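Hi everyone, thanks for coming. Please bring up the sequence and the structure on your screens, and we will walk through them together.

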Amino acid sequence: MIDDALDTLDRAVAARFAGAIWIGSEPTFTDASSFDAEWNGAALGPTKEARARALVARIAARRPWCVVLRSVGRQYGAEDVPRWSYGLWGRRDREVVWRGPRDPLLGAAVMAERDAREACERARDAIAEALAAQGASVGCFEGEHDLRIVARADGSALEPSDARLLAPSPHEVKTPDRGLDDALAREGTWLFRLRVEAAEDGATVRLELPGIARVDELQRVFDLLARALEPIALPSLILAGHPPPVDARIAHATVTPDPAVIEVNAAPHASARAFADDAREWHDAAREVGLAPRRLFYDGEASDSGGGGQITIGGPSADESPFFVAPALLPRLVALCAAHPSLSYLFAVDNVGPWSQSPRADENVRASFVELAFAMERLSEQTLHRDVLQGTLGPFLRDVTGNAHRAEINVEKLWNADLPQRGRLGLVELRAFRMARSPERAAALGAMVRALVAYLASTELPLALPDWGDALHDRWLLPTLLARDLDAVLAMLRDAGLGLGHTLEDELRAAPERVIGVVEDGQSRLTITRALEIWPLIGDAGSQEQHAARWIDASARRIEIRVEGEASASSYVVVNEHPIALRTLDDHTALRGVRHRAFIPARGLHPGLPAQVPLRVGWAREGAARALEMTLHDWRPGGGAYDGLPQDDDEARRRREERFVVREIDAPSIVRPRDTTRWTFDLRGAHGGAR
């Protein structure tokens, strides 16, 4: 059923917008049963790389036309060498790209170390001869830890005195601040490195590739290497070195380490259906190797894996990017996200706001928002060239520390001259998505993004930005209000002929893990839901940019109390003996958010402020003699340890329900609350009576 909905949407998108809309994602998976640091905050650890190899092996078995590449990975400022990275590089038409020895992680045989040393020498000689037979100038020499081949394909003379030929492997040294660059290859000189690599139960040959710039060129190198190595009959081979080139013909996915998770940078796809099929493959393979897209905690709470679920938008090439085919798309996207906070918050992690991993453009300092509004006004009067788009909006699509990567709408790879090699790809990344709990959820999110891009690329919209002020965080962190805002967005798509259909819409609306508890009194229903929250950054934010993780104060929590039914207007609520005024949403619905402190952090804000758990929520109607009291326990009522982590979602739900205790009490005296204007009541500041 979901595939039918995706196919229908893809046809509607093609009818609405003739250009390409490719979407990619970055799913993250974790070992949800492990308490080790590598699965709970650290980027690297003793078992993560082996689990990544197993994941790549599962996907490679489904994609035999791809080659495994162990290219140079990402590196953060405090790290001495790049992280490991495993890639699958292959043609979208499924033509086989590599016919040489396979990587040991695919089950290829390994050798004794002495045999591997001899094989390494034979491989060097065979590759050098094959290059020379193609008319290249070739030289061979030994590095400190490897054998090296230097070649110029045009046959021109080599420069043996060039000190760069003796440079260590890019896997073994710190990547320059401006990014990885093979200057030798840019000048026409290829440097291949070969060495013996330890593998499970033996050793194999490792061949590091130079920075080859074009896909066709790399394919010719692969063909040459495979032919050269065929007589040697190597049982296995590791291909490593510089990351490979990619164009519209190539699907390249990487598996890399990130704090608490393994991150997959999945190849983009030209349709919502293909995007969904890809998500299914990765989710299935992850499950087979014991990795999960979400976590279940002792108390039954459910969360995402701990990484991210970003969605990238682009085209087959930079020139074909929808942001350049329809230049008004980007400013319209900025305006739409500003006007509809559900796109910023509803699918994000629980921690949102200016210090999160996806801050909105209007969550920066006030002066920045004023300048952004002025910039948007000017864009409506300008010719939107690529440099204009990047130069006008790029400075505002950043977090409060100036980090362009950490922004809700990330344009650092759109047309950015400050990011060498990878900055001008015509890509925009939407970061306000948590890791999808299932491939169906991922498919629904991808479908919505494609529909929104098609709509914005073909529809004129005003570029004026709403000024939410305090209401942004007071009102729009409450799930009911966000859900209604999403309904408006989905209705807009339906009116434009880009409706997602009931199956995909229902998947977008589903959030059962947010419901804390539901009670009824015969006339009305009260629902308590976990809302979103803002967790401030602690300390000197600028100094934290060199680290993979940052200190935050996560002690604040927010809940939403919603009453529905005929008696909603006459209901009154008290929380921890403080009266809470419900705000009327319509004739049958009233609600209010309540913010409280859930624990005292070891390092955080507001020293001396006590924890306010468990929360006790009283609910009655005016004139009633009896009331219901709901106690929201933060742990097992009565104390005691849980018997391990929940085994499945049903057990997690039962543990959450156990912590929601309901009893009937005498109705408390009505005290009219004075704070009736805001959508969220901050219980942290409620001392000594009503506010």
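Helices (H or I, at least four residues) and strands (E, at least two) are DSSP runs, numbered from the N terminus. What you see is a predicted model, where local features need pLDDT of at least 70 and side-chain atom pairs count only at pLDDT 80 or more, while totals for chains, interfaces and linings use all residues. Residues are numbered from 1 along each chain as its sequence is written, and side-chain values use heavy atoms, with hydrogens and water left out.

Let's start with a pair of helices. Please find α14, residues 479–495, and α15, residues 502–509; their axes come within 11 Å and cross at roughly 160 degrees. The two are therefore roughly antiparallel to each other, a label used for angles over 145 degrees. The crossing of α14 and α15 is right-handed, meaning that the near helix is turned clockwise from the far one by less than a right angle. Which residues make the contact? From α14 they are Leu486, Asp487, Leu490 and Arg494, and from α15 they are Glu505, Leu508 and Arg509; contact here means heavy atoms within 4.5 Å. By class, this contact has three nonpolar, no polar and four charged residues. For those classes, Ala, Val, Leu, Ile, Met, Phe, Trp, Tyr, Cys and Pro count as nonpolar, Asp, Glu, Lys and Arg as charged, and the others, Gly among them, as polar.

Now let's zoom out. The protein has 17 helices and 29 strands. Its radius of gyration is 28 Å, close to the 26 Å that the globule rule gives for 691 residues, so the protein is as compact as a globular protein of that length. That radius is taken over C-alpha atoms, and the rule is 2.2 Å times the number of residues to the power 0.38. Along the principal axes, the C-alpha atoms fill a box of roughly 95 × 65 × 50 Å. Of the 691 residues, 56% count as buried (under 20% relative accessible area, with exposed over 50% and partly exposed in between, using a 1.4 Å probe and protein chains only). Among contacts with a separation of 6 or more, 72% come from residues 24 or more positions apart.

Next, some backbone details. A cis peptide bond joins Val613 and Pro614, with omega about -5 degrees; Pro614 lies in the loop between β25 (589–597) and β26 (615–621). Asp201 is not a glycine, yet has a positive phi of about 65 degrees. You will find Asp201 in the loop between β7 (189–199) and β8 (202–209). Asn576 also is not a glycine and has a positive phi, of about 50 degrees, and sits in the loop between β22 (571–575) and β23 (578–580). Are these residues buried or exposed? Asp201 is exposed, at a relative accessible area of 75%, whereas Asn576 is buried, at 15%.

Finally, turn to strand β10, residues 250–258, where His252 is placed. His252 is buried, with a relative accessible area of 19%. Not counting residues up to four places away in sequence, His252 touches several residues, including Trp89, Pro244 and Ala266. Beyond its neighbours within four places in sequence, the contacts of Thr254 include Ser85, Tyr86 and Glu263.

Notes: Axes are lines fitted to C-alpha atoms, for helices over the stretch in contact, and angles run from 0 to 180 degrees between N-to-C directions. Angles under 35 degrees count as roughly parallel, over 145 as roughly antiparallel, 65 to 115 as roughly perpendicular and the rest as oblique.
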